Amino acid sequence: MTDLSAQIDALPDKSLLLMDDDSALRTRLGRALEGRGFEPVLVGSVTEALAAVKVFPPAFAVLDMRLEDGTGLQVVEAMREARPDSKVIMLTGYGNIATAVAAVKAGAVDYLSKPADADDVARALLALPGDAPAPPENPMSADRVRWEHIQRVYELCGHNVSETARRLNMHRRPLQRILAKRAPR
């Protein structure tokens, strides 16, 4: 038995809400967390998650940030009201600093970028307040940091390319090319 499994087994309440709109990821991560000892409830939308929180507020939650019917921040707030001692982690494929700050302000204890494996998620859920996370084995490249900054300004400008270009002091066309590409590693 691993150290993580022993910690999870010692928990009085192992209930976990897992919300992600990617059904394959949701199922795979749900099975992996169940194998480690959690008792997950899997949902694919904000509406389903809010209903689940009303019926039985879980001790833990792993929430996707962006879904078709809202954001994970709505569920974080509902969990804080229903069960203030719950531990919530945001999981997203669109990680940027602005959304990470918003998630932590809403009450999330951690913010992980996809793909995150089940051990990373379990470690984040079990971390004690004040525990410093281990330094990343592969930190963001300078290109990724630049891309993150551009994405943050773009979001703050309401997804207006012209306004974003003006604020970043760059031409609109190169900005459009950058925004059309996937995030660098």
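Biologist: Which residue does Glu163 form a salt bridge with, its closest N and O atoms being 2.6 Å apart?
Modeller: That is Arg166. Keep in mind that this is a predicted model.

Biologist: Where do Glu163 and Arg166 sit?
Modeller: Both are in helix α8, residues 161–168. They are three residues apart, so about one helical turn separates them.

Biologist: Buried or exposed, what about Arg166?
Modeller: Arg166 counts as exposed, because its relative accessibility is 56%. Glu163 is partly exposed, with a relative accessible area of 22%.

Biologist: What else does Glu163 form a salt bridge with?
Modeller: Arg167. The closest N and O atoms there are 2.7 Å apart. Arg167 also lies in helix α8, four residues from Glu163, about one turn of the helix. At 53% relative accessibility, Arg167 counts as exposed.

Biologist: Which residues do salt bridges with shared partners join into one network?
Modeller: Asp13, Arg83 and Asp85.

Biologist: And how many salt bridges does the count come to?
Modeller: Seven.

Biologist: How exposed is Arg123?
Modeller: Partly, with a relative accessible area of 45%. Asp120 is partly exposed too, at 36% relative accessibility.

Biologist: New topic. Which residues gather in a patch of positive charge on the surface?
Modeller: Arg172, Arg173, Arg177 and Lys181. Of these, Arg177 is found in helix α9, residues 172–180. Arg177 counts as exposed, because its relative accessibility is 52% and the cut-off is over 50%.

Biologist: And which ones gather in a patch of negative charge?
Modeller: Asp21, Asp22, Glu48, Glu68 and Asp69, also on the surface.

Biologist: Where is Asp21 found?
Modeller: In the loop between β1 (15–19) and α2 (23–35). Asp21 is partly exposed, with a relative accessible area of 40%.

Biologist: Last one, Ser86. Buried or exposed?
Modeller: Buried, because its relative accessibility is 3% and buried means under 20%. Ser86 is in the loop between α4 (72–82) and β6 (87–92).

Biologist: What does the side chain of Ser86 reach?
Modeller: The backbone oxygen of Arg83, at 2.9 Å. Arg83 is also one of the residues in the network with Asp13 and Asp85.

Methods
Residues numbered from 1 in each chain as written. Predicted model: local features only at pLDDT ≥ 70, side-chain atom pairs only at ≥ 80, totals over all residues. Heavy atoms only, no water. Patch = residues over 30% accessible without salt bridge, like charges linked within 9 Å, V, L, I, M, F, W, Y side chains within 5 Å. Areas by Shrake-Rupley, 256 points an atom, 1.4 Å probe, with all protein chains shown as cover. Salt bridge = Lys/Arg side-chain N within 4 Å of Asp/Glu carboxyl O. Lys, Arg positive; Asp, Glu negative; His and termini not counted. Charge placed at Lys NZ, Arg CZ, Asp CG, Glu CD. Helix = DSSP H or I, 4+ residues; strand = E, 2+ residues; numbered from the N terminus. Buried < 20%, exposed > 50% of the residue type's maximum accessible area, 1.4 Å probe, protein only. Polar contact = N/O pair within 3.5 Å; in protein donor to acceptor, adjacent residues only side chain to side chain.
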